[in-house]
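This briefing goes through one protein model by topic. Please look over the sequence and the structure before reading the points below.

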Amino acid sequence: MNPLKLLEPDERERYDYLQDVFEEEFGQTHLAFHVSGILVYELLNLLAACKYLFDEYGFPESEDT
């Protein structure tokens, strides 16, 4: 089962953002996690750890603002 299919649209956007940042800023670690098969697991952990910050700063921004 693919755990990414269980994410809500906002969570998926946040996940994609974290993956992009992780790949750009920590390329070697991103590659190592991908090769070892733990990338999705670790990004989901990071998503959970950052949930408060995303909520606090309104990421992703709604189109209403």
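This is a predicted model: local features need pLDDT of at least 70, side-chain atom pairs count only at pLDDT 80 or more; totals for chains, interfaces and linings use all residues.

Arg14, Lys51 and Asp55 are linked in a network of salt bridges.

**Salt bridges**

- Side chains of opposite charge can pair when their charged atoms come close.
- The count of salt bridges comes to three.
- Asp55 and Lys51 both lie in helix α3, four residues apart, which is about one turn of the helix.
- Arg12 counts as partly exposed because its relative accessible area is 32%. Asp16 is partly exposed at 31% relative accessibility.

**Nonpolar core**

- In soluble globular proteins, nonpolar side chains tend to be buried together.
- Which residues make up the largest nonpolar core? It has 10 residues in all: Leu4, Leu7, Tyr15, Leu18, Phe22, Leu39, Leu43, Leu47, Cys50 and Phe54.
- The elements that give two or more residues to this core are α1 (9-25) and α3. Helix α3 gives the most, with five residues.
- Leu18, one of the core residues, touches Leu43, Leu46, Leu47 and Phe54, leaving aside residues up to four places away in sequence.

**Aromatic rings**

- A pair of aromatic rings is described by the distance of the centres and the angle of the planes.
- A search of the whole structure finds five aromatic pairs.
- One of them is formed by Tyr17 and Phe54: their ring centres are 6.4 Å apart and their planes are at 80 degrees, so the pair is edge-to-face. The pair links distant parts of the chain, with Tyr17 in helix α1 and Phe54 in helix α3, 37 residues apart.
- Tyr17 counts as partly exposed because its relative accessibility is 41%, whereas Phe54 is buried, with a relative accessible area of 9%.
- For Phe22 and Phe33, the ring centres are 5.7 Å apart and the planes are at 40 degrees, so this pair is tilted. Phe22 is in helix α1 and Phe33 is in helix α2, 11 residues apart, and the pair links distant parts of the chain.
- Phe22 counts as buried at 15% relative accessibility, while Phe33 counts as partly exposed at 24%.
- Tyr17, Phe54 and Phe59 form one aromatic cluster.

**Surface patch**

- Which residues make the nonpolar surface patch of about 420 Å²? The patch is made by Tyr52, Leu53 and Tyr57.
- Leu53 is found in helix α3, which covers residues 39-57. Leu53 counts as partly exposed because its relative accessibility is 45%.

**Single residues**

- His30 lies in helix α2, residues 27-36. His30 counts as buried because its relative accessibility is 8%.
- Not counting residues up to four places away in sequence, His30 touches Gln19, Phe22, Glu23 and Leu39.
- Glu42 has its place in helix α3 and is partly exposed, with a relative accessible area of 29%. Glu42 and Asn2 are 40 residues apart in sequence and 14 Å apart in space, C-alpha to C-alpha.
- Where is the cis peptide bond? A cis peptide bond joins Phe59 and Pro60, with omega at about -5 degrees. Pro60 lies in the segment after α3.

How values were computed
Residues are numbered from 1 along each chain as its sequence is written. Side-chain values use heavy atoms; hydrogens and water are left out. Patches are made of residues with over 30% relative accessible area and no salt bridge: like charges are joined within 9 Å, nonpolar side chains (Val, Leu, Ile, Met, Phe, Trp, Tyr) within 5 Å. Accessible areas come from the Shrake-Rupley method with a 1.4 Å probe; for residues, only the protein chains shown count as cover. A salt bridge is a side-chain nitrogen of Lys or Arg within 4 Å of a carboxyl oxygen of Asp or Glu. Buried means under 20% relative accessible area, exposed over 50%, partly exposed in between (1.4 Å probe, protein chains only). A nonpolar core is a set of buried Ala, Val, Leu, Ile, Met, Phe, Trp, Tyr and Cys residues joined through side-chain atoms within 4.5 Å. Contact means heavy atoms within 4.5 Å. Rings of Phe, Tyr and Trp (its six-membered ring) pair if their centres lie within 6.5 Å; planes under 30 degrees apart count as stacked, over 60 as edge-to-face and the rest as tilted.
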